[in-house]
Amino acid sequence: MAILIPGAGFSSPLWPYFEDICSIPHGSGNEDALAEYILAFAAKQGLEARRDTVGSVVVSKSASPGYEDHPPLVLQGHLDMVCEKNDGTEHDFEKDPIRVVADGDWLRAEGTTLGADNGIGVAAALAVLADKELQHPALEALFTVDEETGLNGAMGLTPDIIRGRRLINMDSEEEGIFYFGCAGGRNTSGKRKLKVLPASKENVTVVLRVDGLFGGHSGGEIHRHLGNAIKLGAQVIYSACIDDMELVSLRGGGKHNAIPREFEAVLSLPEKFLNVLKQEAELKQQQARRRHTDDGQIQISLRTLKETPDGVIEGGTDIIRGLLSVPHGVVEMSSLIKGVVETSTNFAAVQTKDATLYLLTSQRSAVAFKRDAICTQVRAAMELIGCEVEYESEYPAWEPKPDSTLLAEARRIYHEVHGQDPVTTVIHAGLECGVIDSKISGMDMISFGPDIRGAHSPKERVSIPSTERFWNYLLILLRQL
């Protein structure tokens, strides 16, 4: 990949490890090769390493001379990455390395997610473990698997996996912000069998497409003015008010933790209504660009197909109504911490396949009963269009501990290094700290990291200067803990 350009700001020793990580496919559920890489790394460094029954890896390093009586410290991150790519991008996440590009002060990938979430955190931990001169207490590096699909690696941890009761999670994405709490969450999915009817040969077949959106993290970025491609597409179809419209297929979104950035609907309708649909698409495109000001250049386009579809879905208009009724976005802001989202829901994906409609959503909240309330609302909307509904991948919130000793020390040291205090807050996303806290008693934890933008989307990028500052601060922190 040749991203390490001498003199281009890549002075930290974490970059070669990040480069190696990018060369090894490691999407959720496919982390074995990266785990084996870490085990081989530990053996080469003469460090103790083990892998648990779920697949997570722990590497231990003894305290440096003079630090033997300091309490041990855990560095924690996850091995998997979200695998998203732009339509038209040729990339096999099971086989192909990430194609990394240095773009000014940022690193990004060509048409795919980069995996800086959480590859930078993993690389930083490996660089710390490899440093023979670094002063530090006894260290344990905990690398979990399958975080992005439901924190499953953390869910499978046993209390004896680590000895340390101080933990630094390096899975955050805003420099200068220290998190000491996070939301809990749950996925809500719906499924409905469809009846397929013969298509009218007199109708025109039209593909309605929504793209150009940034997407983004459904927790950390749900409060931004980012569009949901599924909702935008459904608005166009429903607003056109075409009674004779028939639905052929739907496809939009993908991962439960990513805001949908693309949507495609294939429709069958009388040719005389084609201009009505076109006008509605143009109007909704203009409105979406004005409304979603943090987004990309939103495109809502139409194209006709020559062939008649094999069939159309019975009750297609009701399904479109259902897409509009499923809620999406911020539900409630926190009354305790200004500017922080407390409860939200993400309408993540829709697909028609094999005469079945599939819907996927995710709900988050710092308050369990509020999460349950929005889950119930989502469930009711899905049931109105005849879906069977399931709850999946539930994970707990990380309850804030403002009197944390580790947080106080990290703040003090940050002020010494930067001459200003960091922001200390909670995050509206699911961090593994919540699961670890529920499984291992007595944990004192914080989470921080460098600037990463557009996580969970092909717009993902990581700041090179911010990562350098993150690394330098981490070294100082370890020396003083």
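What is the volume of the largest pocket? In this predicted model, the largest pocket has a volume of about 680 Å³, and its lining is made up of 38 residues, among which Glu174, Tyr179, Gly220, Glu221 and Ile427 lie nearest the centre. By residue class, this lining divides into 13 nonpolar, 15 polar and ten charged residues. Strands β8, β20 and β22 each contribute at least two residues to the lining of the largest pocket, with the largest share, four residues, coming from β20.

Strand β8 is mostly covered, with six of its six residues buried.

Strand β22, by contrast, belongs to an open sheet of four strands in the order β4-β5-β23-β22, with antiparallel pairing. The edges of this sheet are formed by β4 (100–103) and β22 (452–453), each of which pairs on one side only. Two bridges join β22 to the antiparallel strand β23 (residues 461–463), where Arg453 stands opposite Arg461. Helix α11 (residues 464–480) lies across β5 (106–109) and β23, and runs at about 60° to β23.

The second largest pocket holds about 450 Å³ of space and is lined by 28 residues, of which Gly252, Gly253, Gly254, Ala349 and Val350 lie nearest its centre. Elements giving two or more residues to this lining include β9 (184–193), β12 (246–253) and β17 (341–353), and the largest share, four residues, comes from β17. The lining of the second largest pocket divides into ten nonpolar, six polar and twelve charged residues.

Note on methods. Residues numbered from 1 in each chain as written. Predicted model: local features only at pLDDT ≥ 70, side-chain atom pairs only at ≥ 80, totals over all residues. Heavy atoms only, no water. Pairing = 2+ DSSP bridges. Contact = heavy atoms within 4.5 Å. Axes fitted to C-alpha atoms, helices over the stretch in contact; angles between N-to-C directions. Buried < 20%, exposed > 50% of the residue type's maximum accessible area, 1.4 Å probe, protein only. 1 Å grid on protein atoms, 1.4 Å probe; cavity = no way out; pocket = protein on both sides within 12 Å on 5 of 7 lines; lining within 4 Å. Points joined across faces, edges and corners; volume = space filled by probe spheres on them. Nonpolar A, V, L, I, M, F, W, Y, C, P; charged D, E, K, R; others polar.
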